[in-house]
Amino acid sequence: MRGKFLWGAGSLAVLTVILNAWLLPAQKAEKPPHGQDQLPGPALSPAEAIRKMKVPDGFSVELVAAEPDIVNPVAMTFDERGRIWITESLEYPRREPGKGRDRIKVLEDTKGDGHYDKITVFADGLNIPSGIAVGHGGVWVANSPDILFYKEGKDGKAAGKPEVVVTGFGRDDTHELPNSLTWGPDGYLYGLNGVFNPAHVKPLGGARGKSFDFTCAIFRIDPRTREFQLFAEGTSNPWGIAYDPEGSAFISACVIDHLWHITETGYYHRQGGPYPPFTWEIGSIVKHHHQKAAYCGIVYFDSDAYPVEYRDHLYMGNIHGGCINSDKIRRDGSTYFATAAPDFLTANDAWFMPVSQKVGPDGCLYILDWYDRYHCYQDANRDPAGIDRERGRLYRVRYKDTPPAGKFDLAKENDDQLIERLHSPNVYFRETAQRQLVERSSPALAGKLEKIVLDEKEAHKARMHALWALVGGGPLDANFHKKLLAHDDPTFRAWAVRAAGNASKVDDALRKKLTGLAADPSPDVQLQVAIAVRKIDGTDAMPTLIDVLSKCGDDKLIPHIVWQNLHPLLEDDADAFVALVEMTDLAKAPNVAALMPRATERILGRRQVEPQLMLKLFFMLKQGKSADAAAAKQCLISLATKVQTGEIAGDKLDSLRTLFLPIVKKVLAGQPDEPLIFEAAQLATSLKDKAGADFLRKVLADPTRPEPQRLKAAEVLIAAKDGTVLDTVAAIVADPKGHSLPFRAQVVAALGRSEEAKVAEITLAAYPKMEAELQPRAIELLTQRTPWGKQLLRAVAEKKIPAEALNVNQLRRLLGSKDPEINKVVTAQWGRFREERNPEREQVVAEMKKFLGEKRGDPEKGALVFKNFCGQCHKIHGEGQDVGPDITSNGRATFDQLLSNVFDPSLVIGAGYQAVTVTTTKGRSLTGLLVEDTPQRVVLKLQGGKLETIARGDVDELTVSKVSLMPEGIEKQLKPQEIADLFAFLVLDKPPGDPSARKIPGTPK
């Protein structure tokens, strides 16, 4: 249905802007901006934009406000009077902090007729204010590096200078700033931060709390104490927080999956960058995708202004898709699962950028539209002057003749009137009344709210909001709290547990009751117990966490949350954990058994490794009621690995050898079918035992053994400096008929742990007959050590290996050795290298665009080029290595974006994709993505996907490159036809054999 145009404030000024836009010549972009299928064309007037919008039958789109009344709007919220608070940003994408030109405006409907006829500039001088919320006596604004708090004066403008509540948010990436300030059901103020915008947040003034270093996260602030907390971490560039009627949190995110159920203490999948040690990441709640992967804003629609079939949906702004997507959620144990519903609105206008969506006082959906032809930071950074700074819109989607809300002011209503508002069918009134009640907390009011919560005749939503008004007001009354913990409704029990966790201090009776809920039949209650138990003073968390884990069945989320709360305890209380598990029948507690390999690895990862404790743990897992073969194997593997990497050394190694060597020798001397014999051999070999090495040599040489076993044997023997292993490896690498390519590739990668000069001889001898996919692995290996690098350079000089086989980053690594001979040869053969991005790459991009416009390629052959060349680090359509971004859905929105990412890879580098080079004290140089950096070790993910662990004591130097891990200059490494073939493959949105495959936008015909 077509929308209709409703004139609001500043209509004459809007008309002037529209006429000027028609009279001025259209500004043409040279190429489609990132994420867009074609050139966006000229901006539309608000009336034209509305006419092009499509919404379901019975709905219409109305203009609430537009330029020049609002320009570049970023965030919005409604207050208790129904006023709309909007932040504007003319400064975007400015990275420098400090005073700017940005403003906060307040739109007011003075007559209650739905026309916002009064606009006030509340505050100015801001610099990309990316989030706003009203409550607790003022206005909260995210204005990186700060979260600010303004008080409102009698004139409707900011009264004096704002309070800086917390500071330390970054501005590295200004489209990932702190955003989406939203009141949670528990009374905290929640917000988000993006993955490539590091934050170092610290409290100020009288605020309580510690400092935090993080990137992508959902945080919260106590509005009374100003205490800052991290609620959960992970995802990508999340923008938008929504809550369902049970108080569960959902966020929308870009690039990766678009919808996430967020639980306190959870750590979710990251778009990029390292995870904290021992993290067990949580996935999204979707298996579907909408049009594209740039999301901004989310709202749980709960209002009777729309027909039933449009309620209880999550509506999300899809910027690249130019629409409002819709998902339906259903419970899945303690978490949720979402499915796609038809789009609610389609703009049919590339300039449409829905940055925020809210339910208004009239029950309608309000959509804030930044309105710009540039959607992405790549274009904004490339051409900041080209950002449109003259437009911005706010729309309302109305169903039929839904009436306006009229005049009201909840701040002036008495307690009983606000309590009655909790029964409203419009979530705006319920949430706003709840916030007002929180701000008025008193014993008398608490009594009224408790009565509603416990009254079975009251509507469930009203009871929940009454409960949240109590929770947000502080600790619950002890008697009321006990009743909640024993309530028949699991949602009330779950919130009673969560309230106890927020309060931290509860009496002994409540503490005992709460820990007893570890066996609650409701997974949501169990989930909250796992979160709360570590937060409550005087509680021994570990037994309760084990109890929850034992009784949570096949729940998908709870084991992750238990682990996130359990593993920090293992640093200091591993003895207690082992004692608890020793009393547990793992056959009857499969979740605990499944967690034991992680727990074993975590105990071994402590600052101080205690061989005696590991011996006790091993015997517990090997025999008795707590026996678990998989965990016992993991115990031996983890010990062997830490010996190989040098993480266990010195006196600890001597103690480990004394305690464990007799045990593993006994296993090796037993029956050949002993379940632990292979793992025992690994530890024995790592401890320099001949019997272990003999066993592994036989495994490695036996072609009937599974290749993963043979690979592990090779890795252990190489790390142990076995005298014969290189000869066996040489035969394997040179035998493509008898050994698979993946196996040989992994064996080549394993050679990096050797210090023998013979490694270069073996590799160079096999290189000419290696498959094209294996040769880059060989070059990567030979550039890890100076002696090997010298032999490689001689082979290049003798024309045995082409110079283009080495990429720029590998040559930089060789130069990092500071060896005079290497420096001379590299400079003579390849010239000098920049340490930063080469601006001349833009010319290469232009030349390649012209070339690819004229040269045809074969996508089937291109798939092979990708596999051999790009697949060392990237995945596409499920194939390749997971080092850099998965380019199935990243970096190929348009042909121009693809060109830039391939031929100018350092133009934009996310912090999580910066190359890190580690030089070891043993003469090895490794470059990859940083996976872990702790006082105990550094872990890199190398080309080919191999994880390489370096003991902290072996790290001589660690440097972060200013250029991408993906090297510049692939046009020098590939032949012209190979480039054409590769792009013929990359421009297809599906594999070339798929008949539905289509070319990405902008591909030359």
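Biologist: Where is the place of Ile128, and what phi does Ile128 have?

Modeller: As a general idea, most residues other than glycine have a negative phi, and most peptide bonds are trans. Ile128 has its place in the loop between β5 (118-126) and β6, where strands are DSSP runs of E with at least two residues and helices are runs of H or I with at least four, numbered from the N terminus. Although Ile128 is not a glycine, its phi is positive, at about 60°. This is a predicted model, in which local features need pLDDT of at least 70 and side-chain atom pairs count only at pLDDT 80 or more, while totals for chains, interfaces and linings use all residues. Residues are numbered from 1 along each chain as its sequence is written, and side-chain values use heavy atoms, with hydrogens and water left out.

Biologist: Is Ile128 buried or exposed, and where does Asn348 lie?

Modeller: Ile128 counts as buried at 3% relative accessibility, given that buried means under 20% relative accessible area, exposed over 50% and partly exposed in between, with a 1.4 Å probe and protein chains only. Asn348 lies in the loop between β23 (335-346) and β24, and Asn348 too has a positive phi, of about 55°, although it is not a glycine. At 41% relative accessibility, Asn348 counts as partly exposed.

Biologist: Which residues does a cis peptide bond join at Pro68 and at Pro93?

Modeller: Glu67 and Pro68 are joined by a cis peptide bond with omega of about 5°, and Pro68 is in the loop between β1 (59-66) and β2 (73-78). Tyr92 and Pro93 are likewise joined by a cis peptide bond, here with omega of about 10°, and the loop that holds Pro93 is the one between β3 (84-88) and β4 (102-108).

Biologist: In what order do the six strands of the open sheet with β6 stand?

Modeller: Strands of a sheet pair through backbone hydrogen bonds, either parallel or antiparallel. The order of this open sheet is β6-β7-β8-β9-β12-β13, with antiparallel pairing, where two strands pair if DSSP finds at least two bridges between them. At its edges stand β6 (131-135) and β13 (212-214), each with a single partner strand, so one side of each is left without a neighbour in the sheet. Neighbouring strands of this sheet are turned by 25° against each other on average, direction ignored. Within the sheet, β8 (residues 146-150) and β9 (residues 163-167) pair in the antiparallel sense over four bridges, and Asp146 stands opposite Thr167 in β9.

Biologist: How many bridges join β24 to β25, and how many residues of β24 are buried?

Modeller: Five bridges join β24 to strand β25 (residues 365-369), and the two run antiparallel, with Pro354 opposite Asp369 in β25. The hairpin of β24 and β25 has five residues between the strands, and Gly363 takes a positive phi near 85° there. Strand β24 (residues 354-359) is mostly covered, with five of its six residues buried.

Biologist: At what angle do helix α15 and helix α16 pack?

Modeller: Two packed helices are described by the angle between their axes and the distance between the axes. Helix α15 (residues 590-604) packs on helix α16 (residues 611-622) at an angle of about 170°, with the axes 11 Å apart; axes are lines fitted to C-alpha atoms, for helices over the stretch in contact, and angles run from 0 to 180 degrees between N-to-C directions. That makes α15 roughly antiparallel to α16, since angles under 35 degrees count as roughly parallel, over 145 as roughly antiparallel, 65 to 115 as roughly perpendicular and the rest as oblique. In α15, Met596, Thr600, Ile603 and Leu604 meet Leu613, Met614, Leu617, Met620 and Leu621 in α16, where contact means heavy atoms within 4.5 Å.

Biologist: How many residues of helix α31 are buried, and what covers them?

Modeller: Eight of the nine residues of helix α31 (residues 895-903) are buried, so α31 is largely enclosed by the rest of the structure. Among the buried residues of α31 are Phe895, Leu898 and Phe903, and what covers the buried residues includes α3 (377-382), α29 (841-854), α32 (970-973) and α33 (976-986).
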